[in-house]
Amino acid sequence: MAKKMFTTVSRDEKSYVPKDWLDENGKPEKGALTFKYKPLSKKQLAVHQDNSSRMSLTTNTFYLGNATISIDVFRTAVTGWENFIVDGTERPYKKDGLGLVEEEVVEILPLDLIEEVAGHILKVSRFPEEEVKK
């Protein structure tokens, strides 16, 4: 049996620029909105995976709750941002009493943007960064 090589996932703070703030060459535009985040730990990843699907016993229906999971991942993993402008003013990064991104921020950002950032965080939390870029 061949030995399998394992690669660790770095939990160091990283940054992500959403696609709408990239130029045609895939480079961040000047003043691009940039989110700082830490990849999820294996336990956090497992909790989010467990919470992403539910079954209703009364209707025998499975629900895949990706939108709420994306919000949870975003609020848990984002550690800051740059160039987050709301009504002409840069919005400072703040956490709530639970250490999560304030709920008010979720109400400001479009859900598809939150899902994009959360999707990237989940991908980087599962695989080493070199694998994600392939």
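**The open sheet and its helix**

Guide: The protein chain has five helices and seven strands, and this count comes from a predicted model. Read from the N terminus, the elements follow one another as β-β-α-β-β-α-β-β-β-α-α-α.

The part you ask about is an open sheet built from three strands, which lie in the order S1-S2-S5 and pair in an antiparallel manner. Strand S1, covering 14-16, and strand S5, covering 78-82, stand at the edges with a single partner strand each, so one side of each has no neighbour in the sheet. On average, and with direction ignored, neighbouring strands of this sheet are turned by 30 degrees against each other.

Turning to the pairing of S1 with S2, where S2 comprises residues 34-37, three bridges join these antiparallel strands, and Tyr16 stands opposite Phe35 in S2. Helix H4, made up of residues 111-126, packs on the sheet and touches S1, S2 and S5, while the direction of H4 makes about 40 degrees with that of S2.

As for the chain as a whole, among contacts with a separation of 6 or more, 60% are between residues 24 or more positions apart. Of the 134 residues of the protein chain, 34% count as buried, and the accessible surface of the chain comes to about 9,200 Å², with 52% of that surface belonging to carbon and sulfur atoms.

How values were computed
Residues numbered from 1 in each chain as written. Predicted model: local features only at pLDDT ≥ 70, side-chain atom pairs only at ≥ 80, totals over all residues. Heavy atoms only, no water. Pairing = 2+ DSSP bridges. Helix = DSSP H or I, 4+ residues; strand = E, 2+ residues; numbered from the N terminus. Axes fitted to C-alpha atoms, helices over the stretch in contact; angles between N-to-C directions. Contact = heavy atoms within 4.5 Å. Buried < 20%, exposed > 50% of the residue type's maximum accessible area, 1.4 Å probe, protein only. Areas by Shrake-Rupley, 256 points an atom, 1.4 Å probe, with all protein chains shown as cover.
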